[in-house]
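Reader: I would like to go through this structure with you before I set anything up. Could you show it to me?

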Protein chains: 2
Amino acid sequence: MIRYCQLCGSDASFIVPLGDSLPRHVCGTCGHIHYENPRLVVGCVAEWEGKILLCRRAIEPQRGFWTLPAGFMENGETTAEGAFRETLEESGARVTIDAPFAMISIAHINQVHLFYRGRLISPDYCAGEESLEVALLSPEEIPWQDLAFRSVSLCLERYLADRARGDFAFHETELRPPKHAVVNHPADSESAS
Amino acid sequence: MIRYCQLCGSDASFIVPLGDSLPRHVCGTCGHIHYENPRLVVGCVAEWEGKILLCRRAIEPQRGFWTLPAGFMENGETTAEGAFRETLEESGARVTIDAPFAMISIAHINQVHLFYRGRLISPDYCAGEESLEVALLSPEEIPWQDLAFRSVSLCLERYLADRARGDFAFHETELRPPKHAVVNHPADSESAS
């Protein structure tokens, strides 16, 4: 919740700026408008000899659950560069980033998750700071009940279906809030921050 | 430039938080980290009877130049909903949003431009507040020298090439900073804000 102007430190009000249609946090002194927009989470489904690279999370949310390497895109990088960087940071693996594979809007948490297809350059990996362990898993070994996020499950399902069919499409879809609370239901959010 | 914490109003310092690898604006009092991430611009190439919907901008940057309807994605919407909304706001046209067509990373301005293919539901349109005029233009009528943004030129070129070929692909690419300053060179940014 924005209370103060990040430029001048004065009080900010939540009002509709002139010519706008939505309320924003606007500084009462300098007039600066604090826009808040959805964030991109970028990652990849990386293969080595038919196995898929997964990381077990060392951080909340969903600590202990498995995920595809992915994280918030940073300023100054392209989506593909972000996917490469996140994969390296979380799994220690260097990948060739291929085509975009899945783009999933998750409107209720203001995120868009974008996964590329990728290939490990070599079978070298190690758990980064945000991972408890990293593994190359065959489709039969994927811990479906212990995946961290719904977007990861969705992406892996589509990926394996496309791979079995021998033709990779680009999948654009969305996730709405889960209708029923389920114990250990995978969260949607990559991070609370 | 962030100088004050938006939560408590204290001074913020530009430092690398513990466990992070990049500097962020961090509050010296409450510790809040102000992340800044790339923003998504969403829009569409909308057709009616072979003609394409273009808007002449009434606002800076690039006032007076032509653009595809597009703008910053808002919290609480999907990418497709954003493309629909922006098209309606800028051109008054209601469109059916089809498949994603082009995703263009523009790292030096921290933006990703995402264009869908779309179809007008009826040939009704009118200039929104941010447009001087709106028009349905045939390919021969497109004012290539007066397009507002490089991403718009790139998207339209690919779109017309795909259409001529009878097969629409999904195009993922990037734009780097222009090497030479050119008078009236279309800017990259959808908006300074």
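Reader: Into which domains is chain A divided?

Author: This is a predicted model. In it, chain A is divided into domain 1, residues 1-36, and domain 2, residues 39-174. The C-alpha centres of these two domains of chain A lie 36 Å apart.

Reader: What does the C-alpha trace of chain A span along its principal axes?

Author: The spans are about 60 × 35 × 30 Å for chain A.

Reader: And how many helices and strands are there in chain A?

Author: Chain A has two helices and 11 strands. Along the sequence of chain A they follow the pattern β-β-β-β-β-β-β-α-β-β-β-α-β.

Reader: What share of the residues in chain A is buried?

Author: Of the 193 residues in chain A, 40% are buried. As for contacts in chain A with a separation of 6 or more, 63% are between residues 24 or more positions apart.

Reader: Let us take the sheets. In what order do the strands of the three-stranded open sheet in chain A run?

Author: The order is β1-β2-β3 in chain A, and the pairing is antiparallel. Strands β1 (12-15) and β3 (33-34) of chain A are at the edges with a single partner strand each, so one side of each has no neighbour in the sheet.

Reader: How many bridges link β2 and β3 of chain A?

Author: There are two bridges between β2(A), residues 24-27, and β3(A), in the antiparallel sense. Within this region, A:V26 stands opposite A:I33 of β3(A).

Reader: Moving on to β9 of chain A: is it mostly covered or mostly uncovered?

Author: Strand β9(A), residues 111-120, is mostly covered, as nine of its 10 residues are buried.

Reader: In which sense does β4 of chain A pair with β9(A), parallel or antiparallel?

Author: Strand β4(A), residues 39-48, pairs with β9(A) in the parallel sense over nine bridges.

Reader: Which other residue has a positive phi although it is not a glycine?

Author: A:E49 is one, with a phi of about 50°. It lies in the loop between β4 and β5 of chain A. A:E49 counts as exposed, since it has 9 C-beta neighbours inside 10 Å.

Reader: Where is there a cis peptide bond in chain A?

Author: A cis peptide bond joins A:E60 and A:P61, with omega about -5°. A:P61 belongs to the loop between β5 (51-57) and β6 (66-67) of chain A. In chain B, a cis peptide bond joins B:E60 and B:P61, again with omega about -5°.

Reader: Now the helices. How far does α1 of chain A reach?

Author: Helix α1(A), residues 79-91, has 13 residues and reaches 18 Å from its first C-alpha to its last, close to the 18 Å expected. Its buried residues include A:F84, A:E86 and A:E90. After α1(A) comes A:G92, with a positive phi near 70°.

Reader: How many residues does each chain bring to the contact between A and B?

Author: Chain B brings 36 residues and chain A brings 36 residues. On the side of chain B that touches chain A, β8(B) gives the most, with three residues. By class, that side of chain B has 16 nonpolar, 12 polar and eight charged residues.

Reader: What rotation superposes chain B on chain A?

Author: A rotation of 180° with 0.0 Å of shift along its axis superposes chain B on chain A, at an RMSD of 0.0 Å. The two copies are thus related as by a two-fold rotation axis. They meet through the same surface, because 100% of the interface residues of chain B are also interface residues in chain A.

Notes. Residues are numbered from 1 along each chain as its sequence is written. Chains are lettered from A and ligands numbered from 1 in the order in which they are written. This is a predicted model: local features need pLDDT of at least 70, side-chain atom pairs count only at pLDDT 80 or more; totals for chains, interfaces and linings use all residues. Two residues are in contact if their C-beta atoms, placed from the backbone, lie within 7 Å. Helices (H or I, at least four residues) and strands (E, at least two) are DSSP runs, numbered from the N terminus. Ala, Val, Leu, Ile, Met, Phe, Trp, Tyr, Cys and Pro count as nonpolar, Asp, Glu, Lys and Arg as charged, and the others, Gly among them, as polar. Copies are superposed by least squares on the C-alpha atoms of residues with pLDDT of at least 70 in both. A residue is buried if 20 or more other C-beta atoms lie within 10 Å of its own, exposed if 12 or fewer, and partly exposed in between; C-beta atoms are placed from the backbone. Two strands pair if DSSP finds at least two bridges between them. Domain bounds come from an automatic or database domain assignment. The expected span of a helix is 1.5 Å times one less than its number of residues.
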